[in-house]
Amino acid sequence: MTTTHPAASPPYRITPPRILHAEWHKLRSLRSTWITVVSAVVMVLGVGLTMGATYTSGGGDSDVDTVVLSLYGSVLAQIFLVVLGILMTAGEYATGMIRSSLTAVPARLPVLWAKAVVFAATVFTVMLMTSVVTFAVAQAFLHDTDQAASFTDPGVLRALVGNAGALTLMGLLALGLGALLRSVPGAIGAFIGGVMIMPEILGMLPYDVVERAIMYFPTQAAGALGSATPIPGTISPGPALLALTLWAGVTLAAAALTLKRRDV
């Protein structure tokens with residue numbers, strides 16, 4: 001009589017939680033992660049503290065939204081987070097680690113989605129906490145000025161969350177560019193040229209339709225998300241969030257298509 005034995009189970013199974021854990025482990029174990037994230041936090045806190053400590057009522061910034069004033073450092077923080085996003089994808093192509101990642105996960109696309117989820121969760125959490133703390137610290141100096149505000153004022157909490165969301169989505173856009181171009185210098189150049197410089201060049205064209213379209217570009221949409229009061233010449237927060245999400249989503253979709261069709 002022949003005895004049949006059940007097929008041996010594989011030594012491990014590829015599951016979404018395990019892929020997420022692997023990407024989280026890679027992110028937190030890299031020195032570049034800590035350098036870029038800490039630098040972003042220091043920029044927001046440092047500039048916010050400086051703006052609050054040196055502000056005087058009736059000065060040149062009296063008409064600036066109080067959340068924007070407190071979080072001026074987000075413009076500089078964005079640079080570090082964009083670099084982090086690019087390093088998460090294009091950096092692996094530079095070091096060759098991408099081959100190990102895709103060998104472990106032959107389906108490929110789960111690796112990209114895991115990177116995006118880990119990046120988004122990390123950046124949004126850190127930058128939301130940083131935004132809240134920076135606003136509170138800045139208001140300790142601004143409480144007796146014309147920029148005094150509180151968390152309960154209309155639009156303040158939305159702007160703080162929007163600022164963190166904008167930084168996260170801009171970083172995701174950069175992460176997608178890194179995966180699409182597979183080159184750290186190339187992705188940084190594409191971000192600077194396409195996201196930061198191109199809207200300024202297009203803005204020189206004397207056409208109303210171009211001026212309207214520029215409002216939906218990433219940098220302009222991100223600015224609208226981080227303000228408690230409407231900024232002249234920008235779209236409202238809802239359309240701004242949708243526009244920025246679409247920019248990041250389309251870039252990631254293009255990166256996914258490239259990852260699926262091209263060799264490593």
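**Close-up 1. The largest cavity of this predicted model.** A cavity here is a set of grid points where a 1.4 Å probe fits but cannot get out, and its volume is the space filled by probe spheres set on those points. By that rule, the largest cavity in this predicted model holds about 70 Å³ of space. The count of cavities of 30 Å³ or more comes to 1.

**Close-up 2. The lining of the largest cavity.** Look here for Thr89, Tyr93, Ile98, Leu102, Arg108, Val111, Leu112, Lys115, Ala179 and Leu259, which line the largest cavity. By class, the lining residues split into 7 nonpolar, 1 polar and 2 charged. At least two lining residues come from each of helix H4 (74–95), helix H5 (97–104) and helix H6 (109–142). Helix H6 gives the most, with 3 residues.

**Close-up 3. Glu23 and Lys26 in helix H1.** A salt bridge joins the side chains of Glu23 and Lys26 at 2.9 Å, N to O. The two are separated by about one helical turn because they sit 3 residues apart in helix H1 (residues 16–29). Both Glu23 and Lys26 are buried.

**Close-up 4. Glu92 and its salt bridges to Lys26 and Lys115.** Glu92 meets Lys26 at 2.8 Å, N to O. This pair links distant parts of the chain, with Glu92 in helix H4 and Lys26 in helix H1, 66 residues apart. Glu92 also meets Lys115, at 2.5 Å, N to O. Here Glu92 lies in helix H4 and Lys115 in helix H6, so the pair ties together parts 23 residues apart in sequence. Lys115 has 4% relative accessibility and therefore counts as buried. Taken together, Glu23, Lys26, Glu92 and Lys115 are linked in a network of salt bridges.

Note on methods: Residues numbered from 1 in each chain as written. Predicted model: local features only at pLDDT ≥ 70, side-chain atom pairs only at ≥ 80, totals over all residues. Heavy atoms only, no water. 1 Å grid on protein atoms, 1.4 Å probe; cavity = no way out; pocket = protein on both sides within 12 Å on 5 of 7 lines; lining within 4 Å. Helix = DSSP H or I, 4+ residues; strand = E, 2+ residues; numbered from the N terminus. Nonpolar A, V, L, I, M, F, W, Y, C, P; charged D, E, K, R; others polar. Salt bridge = Lys/Arg side-chain N within 4 Å of Asp/Glu carboxyl O. Buried < 20%, exposed > 50% of the residue type's maximum accessible area, 1.4 Å probe, protein only.
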